[in-house]
Amino acid sequence: MTTAQTQELDVQPTPLALLLLGREADPKSERGVECPGDLPSPSDPDLVERARAAKEKLGDKVFVLGHHYQRDEVIQFADVTGDSFKLARDAAARPEAEYIVFCGVHFMAESADILTSDDQKVVLPDLAAGCSMADMATAEQVAECWDVLTEAGIAEQVVPVSYMNSSADIKAFTGKHGGLICTSSNAKRALDWAFEQGDKVLFLPDQHLGRNTAVRDLGMSLEDCVVYNPHKPNGGLTAEQLRDAKMILWRGHCSVHGRFSLDSVNDVRERIPGVNVLVHPECKHEVVAAADYVGSTEYIIKALEAAPAGSKWAIGTELNLVRRLANRFAPEGKEIVFLDKTVCFCSTMNRIDLPHLVWTLESLAEGKLVNRIEVDKETETFAKLALERMLALP
């Protein structure tokens with residue numbers, strides 16, 4: 001197509017393209033909200049000192065949470081590090097902290113707001129730090145899915161189980177319909193509980209964690225699982241398929257973990273003889289089946305801590321964490337590589353950088369509250385109910 005022809009088409013950016021660029025706003029989305037204020041330049045040589053000074057000025061009034069997938073430049077200022085749920089609980093355990101600065105993504109900050117007191121204010125350094133997986137299930141889509149299950153005559157038999165990596169709206173839906181939240185560490189216990197309550201599970205929003213847990217840990221077959229596609233009429237499924245299924249998996253996935261393939265596993269075994277392949281359960285089923293070890297982020301860290309010197313590991317999870325672990329354990333003679341040849345960071349997690357953190361801390365130090373994440377009371381009530389059911393698991 002010639003330039004003239006292109007101009008004649010008068011191509012305009014689509015709403016989705018603008019969201020992905022961090023321009024325009026969609027309150028129903030986990031991402032795509034501009035960050036207000038003037039950020040310091042990323043080339044400012046004083047950024048580290050500015051962050052340190054602002055944090056020192058705030059003292060005990062601020063508590064900084066750093067998710068494992070954050071950049072090292074941000075992690076150095078975290079008071080605690082961990083996965084999303086651990087961090088939210090850590091925040092709730094610090095009631096004296098007026099400001100909770102969550103260096104993670106939007107749904108994580110929502111969970112922190114749900115679990116902390118009304119006096120605490122949860123702040124996300126960049127409002128555009130969302131989660132593509134959480135974006136894959138909206139409240140409207142899930143309500144429509146429930147209508148489909150009702151029409152199929154099975155809604156009363158279905159217990160929703162939602163992964164922690166979901167919006168507050170989805171957590172609230174789960175609580176309202178008798179379900180609970182799970183993490184990648186306790187997904188099996190959550191499913192065991194759910195099947196004690198009903199005959200079927202609607203698993204949101206990560207199909208891979210749901211499938212891997214059902215097949216690997218509960219002994220189900222792949223045929224017991226169907227995938228509900230919210231972009232197709234009736235989820236792309238017949239009423240009979242829904243009635244026959246035990247696991248109704250939402251068509252969602254993690255953009256980072258979903259990129260690993262069976263070829264990745266085979267290739268690394270050829271390149272590094274004797275390598276141990278360790279992957280997160282958000283990976284595809286064929287990757288999980290071919291791996292030597294499978295577990296949550298915390299499991300991955302503990303496995304490498306316990307690994308013998310001289311052992312070799314290929315890790316299938318976010319690159320910031322893999323690189324940090326490789327550097328940490330190199331002095332012990334442990335060789336740790338990224339599972340895929342192609343480098344891949346979590347793009348939304350990486351939106352939290354040092355300039356955004358400096359801007360946030362300096363604003364708070366000046367008494368200016370920015371980027372507060374606040375969940376409305378009704379949503380909070382039902383979301384907390386789903387979280388409390390998880391906390392009550394044996």
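Author: Quick definition before we start: a nonpolar core is a set of buried Ala, Val, Leu, Ile, Met, Phe, Trp, Tyr and Cys residues joined through side-chain atoms within 4.5 Å, where buried means under 20% relative accessible area with a 1.4 Å probe, protein chains only. This is a predicted model, where local features need pLDDT of at least 70 and side-chain atom pairs pLDDT 80 or more, while totals for chains, interfaces and linings use all residues. Residues are numbered from 1 along each chain as its sequence is written, and side-chain values use heavy atoms, without hydrogens and water.

Reader: OK, which residues touch the most other members of the largest core?

Author: V101, V161, F203, M247, V279, I336 and L361 do, in a core of 105 residues. There's also a second, separate core of 21 residues, including A137 and L149.

Reader: And what is V101 in contact with?

Author: Leaving aside neighbours within four places in sequence, V101 contacts (heavy atoms within 4.5 Å) V62, F63, L361 and L364, among others.

Reader: Switching to the sheet, what's the strand order?

Author: It's an open sheet of five strands, β2-β1-β3-β4-β14, with mixed pairing. Strands are DSSP runs of E, at least two residues, numbered from the N terminus, and two strands pair if DSSP finds at least two bridges between them.

Reader: Which residue is the bridge partner of V122 in β14?

Author: That's I373. β4, residues 121-123, pairs with β14 in the antiparallel sense over two bridges.

Technical notes. Buried < 20%, exposed > 50% of the residue type's maximum accessible area, 1.4 Å probe, protein only. Helix = DSSP H or I, 4+ residues; strand = E, 2+ residues; numbered from the N terminus.
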